[in-house]
Every structure is written in structure tokens, then in C-alpha cells.
Amino acid sequence: MPELPEVETVRRALTPVMTGATITKADIRRPNLRWDLAPDLAARLEGQNIVDVTRRAKIIQVWLAQDVMLIHLGMSGSIRISDHAPNGRAHDHIEWQVSQEGVKHWITFNDPRRFGYVDILRRADHDSHPSLAALGPEPLSDAFSEAYLEDKLQGKTVPIKSFLLDQRQIAGLGNIYVCEALFRAGISPRRRADTVIGKRARRLLPSIRDVLEAAIAQGGTSLRDHRQPDGKLGYFVQSLDVYGREGAPCHRCATPIKAIRQSGRSSFYCPLCQR
Ligand SMILES: [Zn+2]
């Protein structure tokens with residue numbers, strides 16, 4: 001499942017191809033993904049100039065003059081970029097053709113499980129969109145500060161793991177990178193959020209940033225290799241310390257990594273390094 005670093009890597013790959021380009025064709029091949037697609041999606045995109053490509057949490061935002069298109073990769077979505085008309089594949093649901101100074105690119109949205117979505121809305125309605133309105137600050141932005149974190153942790157009796165996954169507190173963190181950030185910070189996923197104070201609180205914020213930045217850097221590296229064979233973007237092998245490593249030795253102390261269920265999701269941690 002693509003998380004923030006994978007989505008950011010896709011955004012960085014789309015930016016040079018899309019920004020400043022004109023959408024010459026939008027080929028919508030089914031009426032719905034997770035939700036119904038806007039019936040006028042193609043009409044609103046075709047002929048439009050792309051002003052900018054940004055990211056909010058795990059949502060890619062393609063800004064046009066009047067509208068903004070939102071792309072969410074869901075559980076299994078991926079994007080391919082080609083410099084020639086691609087051969088259609090199973091689950092290629094949307095294909096955008098863009099042109100910039102006579103250079104054409106084809107951008108394909110593929111999603112076998114269809115938990116992803118593509119939406120279009122007026123720029124003025126952006127901030128009130130249901131998937132954007134309640135989001136907390138971006139973990140890599142200045143708004144996510146020590147003071148902010150300290151303030152939000154106060155009085156929260158849920159486990160720190162649940163707190164970090166709550167998109168209203170911090171936007172875009174998913175299971176993999178929360179497990180990894182807690183390992184780096186030496187904090188147990190079971191610890192009550194309001195007891196993450198002092199040294200632990202100070203370690204948490206840089207741990208979240210470091211793990212995301214490392215994953216983005218790695219995604220950027222894999223990206224170049226990845227695009228050679230088929231242009232597919234969206235999933236990258238990460239070097240993980242705890243996630244998916246139940247029973248394997250901790251990279252710091254060799255204690256076997258433990259897995260528990262929290263709110264229906266797996267948490268992986270070192271019972272010795274993380275308290
Ligand atoms: Zn350990």
C-alpha cells in the first residue's frame with residue numbers, strides 16, 4: 001500500500017512531465033473507482049493547462065486554472081509515465097495525455113482493487129473537500145513542530161501508535177512508517193500518548209521526519225531503475241527495521257521483534273529498545 005513517501009516520489013516524477021503541460025486527452029475507461037467518477041471529468045480536463053502538482057497527505061493534487069484534480073492511489077494504485085502511446089493493460093482505468101512544447105507523455109492510472117479515486121473540484125472548494133478538510137499538518141512541514149506535538153499529545157489516553165495514525169493530528173502517516181518512527185524514537189507503540197513527554201517527545205518528531213525523508217530519498221533512487229523497464233511508479237522496496245520483521249533480530253540489540261494487534265492493525269516493535 002503506497003504511503004506518504006511513495007506518493008511523494010510519484011508526485012516528484014509527475015511534476016516535470018505535467019507542470020506547464022496541457023492535457024490534450026483524458027481517457028476515462030470506467031464510471032467508478034472507490035466512488036463514482038465525475039461524469040464531466042474528461043470535459044473539465046481536456047484543453048486545460050496544468051499549473052502545479054502538489055501533495056497533501058497521500059493525495060496528489062493537480063492544479064488547473066479553475067479546478068484541482070485529486071488522485072489517491074488507495075491500496076493498490078500505481079501511475080505509469082510513458083513517452084509513447086502505451087499498450088493497454090488490465091486495470092488501466094484512466095489515461096491522461098499531456099503535451100508540452102510538442103513533447104507528449106501518457107500518464108496511466110492502474111488500480112486492480114479500485115480503492116483509489118480521482119476527483120475534480122473547483123479550486124475554491126478545495127479546503128472543504130471531505131478528504132482534505134480535517135487533515136492535521138504535514139509531517140515534513142514547519143507547522144508540525146515540537147510545540148504542536150506537545151500540545152496535541154496532552155490529555156490523549158490512546159496508545160501513541162493510534163495517535164500517530166490519526167490523520168487529524170498528523171496527515172499522511174500510515175502503519176509502516178509509524179512503526180518505523182517509533183522504533184527510531186525508542187517508544188513502545190503501546191505507550192499512552194500523554195506519557196510521551198520530555199526526552200521521548202523530543203526524539204519522536206525527528207524520528208518521524210528522518211524515516212520519511214530516508215524513504216523518499218530511497219524512492220527517488222529506485223525510481224530511476226524502476227522506470228527503465230515499464231515506467232511503473234508507486235511501490236518501492238524499503239529497508240525496514242521492524243515492520244514485517246516479527247521474530248527477526250532487532251537491528252540494535254538482536255532481541256526478536258514482536259508483533260501485536262492494535263486497533264485491528266499489526267504493530268511491530270522491539271520490546272527491549274522501545275519503552
Ligand atoms: Zn532492540
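**Ground rules**

Residues are numbered from 1 along each chain as its sequence is written. The model is predicted, and local features need pLDDT of at least 70, side-chain atom pairs count only at pLDDT 80 or more, and totals for chains, interfaces and linings use all residues. Element names follow DSSP runs, numbered from the N terminus: helices are H or I with at least four residues, strands are E with at least two.

**Stop 1: colour by pLDDT**

pLDDT is the predictor's confidence in each residue, from 0 to 100. The protein averages 91, and 93% of the residues score at least 70. Select β1 next: among the elements of the protein, its mean pLDDT is the highest, at 98. Strand β9 (residues 232-233) has the lowest mean, 49. Now select residues 222-230. The pLDDT there is below 50, and the stretch has eight contacts in the model beyond near neighbours in sequence. A contact means two C-beta atoms, placed from the backbone, within 7 Å. Residues 232-236 also fall below 50, with 27 contacts beyond near neighbours in sequence.

**Stop 2: the four-stranded sheet**

Select β2, β3, β4 and β8. They form an open sheet in the order β2-β3-β4-β8, with antiparallel pairing. Strands count as paired if DSSP finds at least two bridges between them. Which strands stand at the edges? They are β2 (52-56) and β8 (117-122); each has a single partner strand, so one side of each is left without a neighbour in the sheet. From one strand to the next, the twist averages 25°.

**Stop 3: β2 to β3**

Five bridges pair them in the antiparallel sense. Pick Asp52: its bridge partner in β3 is Trp63. Helix α1 (residues 4-18) packs on the sheet and touches β2 and β3. The direction of α1 makes about 170° with that of β2. Such angles run from 0 to 180 degrees between N-to-C directions; axes are lines fitted to C-alpha atoms, for helices over the stretch in contact. The hairpin of β2 and β3 has two residues between the strands. There, Ala57 takes a positive phi near 55°.

**Stop 4: β3 to β4**

Move on to β4 (residues 67-72). It runs antiparallel to β3, joined by five bridges. Val62 stands opposite Met69 in β4. The hairpin from β3 to β4 goes through three residues.

**Stop 5: Lys25**

Select Lys25, in strand β1. Is Lys25 buried or partly exposed? It is partly exposed, because 15 other C-beta atoms lie within 10 Å. The cut-offs, with C-beta atoms placed from the backbone, are 20 or more others within 10 Å for buried, 12 or fewer for exposed, and in between for partly exposed. Show Glu46 and Gln97: Lys25 touches both, not counting residues up to four places away in sequence. Lys25 and Glu46 are 21 residues apart in sequence and 5.4 Å apart in space, C-alpha to C-alpha.

**Stop 6: Leu33**

Finish at Leu33, in the loop between β1 (22-28) and α2 (41-45). Leu33 is buried, because 21 other C-beta atoms lie within 10 Å. Leaving aside neighbours within four places in sequence, its contacts are His93, Asp111, Arg114, Gly116, Tyr117 and Val118. For scale, draw a distance to Ala193: Leu33 is 160 residues away in sequence and 36 Å away in space, C-alpha to C-alpha.
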